[in-house]
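Morning, everyone. Please look at the screen, and I'll walk you through it.

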Amino acid sequence: MDLYPYNSTNQFQSNFRHFMELPFASSHEVLWYSFNHRNLHVVAICSSCDLSENSTQFKWLEEDLKEASASNDTHWTMLLGHDEIYDEASPQKPVTTARLQLDKLLDRYNVDFCSLVS
């Protein structure tokens with residue numbers, strides 16, 4: 001079984017790299033990454049990082065989803081994140097522009113499963 005770390009708090013951002021060796025390199029210090037497992041494409045994002053449309057992460061995510069959706073080997077796509085992006089909107093937690101942009105992106109590339117709650 002392959003294990004991949006997930007950054008769950010800002011304090012932990014890079015500490016796991018001292019204990020685990022990852023099978024891939026990343027220019028964004030593994031705050032977001034993707035991998036394939038058989039016909040499943042798994043994308044882990046840093047939901048506490050900038051997800052606005054012009055952010056580095058959003059641009060990376062769009063390119064990653066575009067490539068996965070074009071692949072005949074990908075039958076399912078799953079997006080993982082730690083912070084509550086899809087929590088019920090309220091006056092204390094309004095729906096953000098970044099969330100709306102993310103919604104459109106996930107729809108455009110037919111993401112099958114999304115887990116973005118703490």
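Is arginine 108 buried or exposed, or partly exposed? Arginine 108 is partly exposed, because its relative accessible area is 47%. Buried means under 20% relative accessible area, exposed over 50%, and partly exposed in between, with a 1.4 Å probe and protein chains only.

Some ground rules. This is a predicted model, where local features need pLDDT of at least 70, side-chain atom pairs count only at pLDDT 80 or more, and totals for chains, interfaces and linings use all residues. Residues are numbered from 1 along each chain as its sequence is written, and side-chain values use heavy atoms, leaving out hydrogens and water.

Back to arginine 108. Its side chain meets that of glutamate 62 in a salt bridge, 2.8 Å from N to O. The pair links distant parts of the chain: arginine 108 sits in helix α2, glutamate 62 in helix α1, 46 residues apart. A salt bridge here is a side-chain nitrogen of Lys or Arg within 4 Å of a carboxyl oxygen of Asp or Glu. The count by this rule is one. Glutamate 62 is partly exposed too, at 25%.

Now α1. Helices are DSSP runs of H or I, at least four residues; strands are runs of E, at least two; both are numbered from the N terminus. Gln57, Phe58, Leu61, Asp64, Leu65 and Ala68 are buried in α1. Down the axis, the buried residues fall within an arc of 130°, taken from the directions to the C-beta atoms, so they line one face. The face turned away carries exposed Thr56, Glu67 and Ala70.

Last, histidine 41, in strand β2. At 5% relative accessibility, histidine 41 counts as buried.
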